[in-house]
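This report describes the pockets of one protein model and the residues that line them. The structure is shown first, and the description follows.

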Amino acid sequence: MAREHAIAVIPGDGIGEEVINEGLKVLRALAQIYGFKLRTTSYPWGADHFLKTGVMMPDSALDEYRQHAAVYLGAIGDPRIEVGLLERAIIAGLRFKLDLYVNLRPIKLYDARFCPIKDKKPADVDMVVVRENTEDAYIGIGGHFKQGTQDEVAIATMLYTRKGCERAVRYAFELAKGRKRRKVTLVDKANAVRPQDLWTRTFAEVAKDYAGIETDHAYIDAACMWLVKNPESFDVCVMPNIFGDIFTDLGAMVQGGMGIAASGNLHPGKTSMFEPIHGSAPKYRGKNVANPLAAINAAGMMLDYLGEKEAATTLESAIASLLTSGRIRSLGAGDHPTSEIGDLVTAEVRQIAAMPAGEPAAARRS
Ligand code: IPM
Ligand code: MN
């Protein structure tokens, strides 16, 4: 019997639906090629649904997601709705309620022309950020006192648990085992925010279990500097939630922009969620100009997570080949119609899959 993967799809707001459609187009082609089945269930959550029904994302949906292997999400956010309301309910809601404790964000440069840093080549920009995803300033402990007055006080709590640090750090070390460089860099700000030395100590203890892995440390401010000055110094990086949020937007620019950056929100062994890093870009909605490569890349991460390694590798090669050969000219919006990029990737995966095994990668460039 064919392998079947159940995917809960949340296209969401703005360009979400368009980019997810391209991702699904590519996924269906790969399913056909590699002989697995996709069973998708679509959910309407987002601004339009909220304005119509008052519902953001019901808790009953979480039980339904748990019956799926993964959630594939487009984008959430709409200027008609209070800032952050839907993002917190849906994106953060998924991360917290499904306990998706790792936010995995690869930063990989496919072609030198996409890098804004002078003289950097693909070999210089190839890292993965392990962003802790269930703690820190995102927990929502805090609020306002005397709101709207001159005496207003606002409190936001950064919270870290030993368990939360350890599971993120351990994931990073396990990930490093399978990579060429085998290096893990801890990023924190324990010099100024002393409670963050929980990260420093946890990292040192976990490192003892991984003798063959090189370790390094950088404070977040310096890490941002190194990311621009010497991106080649990073392999796997692990860091608290809010630093990971900021660092990976910078990272997305270093790899060519929001048009390519993808992420996996993981709880290994359980239902996990895959999404592009970019937002809903309401101004591009319905115009067929958004670049769907980030969503397609997220689909690739999902395939890898689902154990469809061959399909994931083929997709990765297809994206690399289209970008290095210049058939996809840019990672920005408007240079290719959204649907054209989905079509190009679909054709390329078919072509790569049809090539005899062992064919050198260079021969794949048509
Ligand atoms: C991200 C986003 C989210 C975050 C927002 C939309 C809540 O910026 O996925 O990086 O801050 O984590
Ligand atoms: Mn972000």
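Of the 30 residues that line the largest pocket, Leu104, Pro106, Met301, Asp304 and Glu316 are the closest to its centre. A pocket is an open set of points on a 1 Å grid over the protein atoms alone, where a 1.4 Å probe fits, with protein on both sides within 12 Å along at least five of seven lines, and lining residues have an atom within 4 Å of a point. A volume is the space filled by probe spheres set on the points, which are joined across faces, edges and corners.

Among the elements that each supply at least two residues of this lining are strand E4 (102–108), helix H5 (162–177) and helix H10 (309–324), and H10 gives the most, with six residues. Helices (H or I, at least four residues) and strands (E, at least two) are DSSP runs, numbered from the N terminus.

The second largest pocket holds about 420 Å³ of space. Of the 24 residues that line the second largest pocket, Glu87, Ile91, Arg95, Asp245 and Ile277 are the closest to its centre. Its largest share of lining, six residues, comes from H4.

Residues are numbered from 1 along each chain as its sequence is written. Because the model is predicted, local features need pLDDT of at least 70 and side-chain atom pairs count only at pLDDT 80 or more, while totals for chains, interfaces and linings use all residues.

Note on methods. Chains are lettered from A and ligands numbered from 1 in the order in which they are written. Side-chain values use heavy atoms; hydrogens and water are left out.
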